[in-house]
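Colleague: I would like to learn how to read a model like this one, feature by feature. Can we go through it together?

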Amino acid sequence: MENFQRELDERPARIKFKAKVGAEGLERYVEWSDMCDFVEEQIQHEDKTWNFRKIIGHRRDLGPRDKPQIQIEWESGEITFELITEFYKDEPWLLSEYAQEKGLIEDWERRCPRLKLRRHAKNAQKMMRVINQAKRQSY
């Protein structure tokens, strides 16, 4: 492997891949190292999960027995709908903050009684006040 890497470094013309870029379908050649860097940025965690960027929406057309779902934008660029019960396991604070901003806490807690969204939202507000006070005192 070291010999292969050394030979690649010594050659001015490196291995390139043809890739489509952008909506116009422009094609350009991408160097091997650039392609590897891109793939490494998109690697899953050991538990087969991805980091998410943000919550971008939620399902509004729920039936009476349907569980709420949020729309997530992942680091991989993929956008999916996930059950709030699954997302709550890892990120209860963010889910609570989103639900509060959108006025969904009451409905979601009624549909999923085990979730304590209201409590997490209240604690998040307290935490932000403490952080802001600490910032003011440090100046």
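**Salt bridges and their surroundings**

Modeller: Being four residues apart in helix α5 (residues 105–111), R111 and D107 are separated by about one helical turn. Keep in mind that this is a predicted model.

Colleague: What do R111 and D107 form, and how far apart are the closest N and O atoms?

Modeller: The general idea is simple. Side chains of opposite charge can pair when their charged atoms come close. Here, R111 and D107 form a salt bridge, with the closest N and O atoms 3.2 Å apart.

Colleague: Is R111 buried or exposed?

Modeller: R111 counts as buried, at 15% relative accessibility. The cut-off for buried is under 20% relative accessible area. D107 has a relative accessible area of 23%, so D107 is partly exposed.

Colleague: Which residues are linked with D107 in a network of salt bridges?

Modeller: R110 and R111 are linked with D107 in that network.

Colleague: Which residue forms a salt bridge with E109?

Modeller: R118 does, and the closest N and O atoms are 3.4 Å apart. E109 is buried, with a relative accessible area of 17%. R118 counts as partly exposed, at 44% relative accessibility.

Colleague: How many salt bridges does a search of the whole structure find?

Modeller: The search finds five. One of them joins the side chains of E73 and R53, at 3.0 Å from N to O. E73 lies in strand β4 (residues 69–74) and R53 in strand β3 (residues 52–58), so this pair ties together parts that are 20 residues apart in sequence.

Colleague: Is E73 buried or exposed?

Modeller: E73 is buried, with a relative accessible area of 17%. R53 is partly exposed, at a relative accessible area of 43%.

Colleague: Leaving out residues up to four places away in sequence, which residues does E73 touch?

Modeller: With those left out, E73 touches F52, R53, K54, I56, E78 and I79.

**Aromatic pairs**

Colleague: Let us turn to rings. How many aromatic pairs does the count come to?

Modeller: The count comes to three. One of them is F52 with W74, an edge-to-face pair at 6.5 Å centre to centre, with 85 degrees between the planes. To read that label, look at the angle: planes over 60 degrees apart count as edge-to-face. F52 lies in strand β3 and W74 in strand β4, so the pair ties together parts that are 22 residues apart in sequence.

Colleague: Is W74 buried or exposed?

Modeller: W74 counts as buried, at 15% relative accessibility. F52 is partly exposed, with a relative accessible area of 21%. F52 also forms an edge-to-face pair with F87, at 5.1 Å centre to centre and 75 degrees between the planes. This pair links distant parts of the chain: F52 is in strand β3 and F87 in helix α3 (residues 84–90), 35 residues apart. F87 is buried, with a relative accessible area of 7%.

Colleague: What do ring pairs link F52, W74 and F87 into?

Modeller: They link F52, W74 and F87 into a cluster.

**Helix sides and surface**

Colleague: Next, helices. Which residues of helix α4 are buried?

Modeller: In helix α4 (residues 92–102), the buried residues are P92, L95, S96, Y98 and A99. They cover an arc of only 165 degrees around the axis, which puts them on the same side of α4. Just after α4, G103 takes a positive phi of about 70 degrees.

Colleague: Which residues make a nonpolar surface patch?

Modeller: M127, M128 and I131 make a patch of about 270 Å². I131 sits in helix α6 (residues 117–138). I131 is partly exposed, with a relative accessible area of 35%.

**The whole chain**

Colleague: How many helices and strands are in the chain?

Modeller: There are six helices and five strands. From the N terminus on, the elements run α-β-β-α-β-β-β-α-α-α-α.

Colleague: What share of the chain is made up of buried residues?

Modeller: Buried residues make up 22% of the 139 residues. The chain exposes about 11,100 Å², and carbon and sulfur atoms supply 49% of that area. Among contacts with a separation of 6 or more, 31% come from residues 24 or more positions apart.

Terms used
Residues numbered from 1 in each chain as written. Predicted model: local features only at pLDDT ≥ 70, side-chain atom pairs only at ≥ 80, totals over all residues. Heavy atoms only, no water. Patch = residues over 30% accessible without salt bridge, like charges linked within 9 Å, V, L, I, M, F, W, Y side chains within 5 Å. Areas by Shrake-Rupley, 256 points an atom, 1.4 Å probe, with all protein chains shown as cover. Salt bridge = Lys/Arg side-chain N within 4 Å of Asp/Glu carboxyl O. Helix = DSSP H or I, 4+ residues; strand = E, 2+ residues; numbered from the N terminus. Buried < 20%, exposed > 50% of the residue type's maximum accessible area, 1.4 Å probe, protein only. Arc of directions from axis to C-beta. Contact = heavy atoms within 4.5 Å. Phe/Tyr/Trp six-rings, centres within 6.5 Å; stacked < 30°, edge-to-face > 60°.
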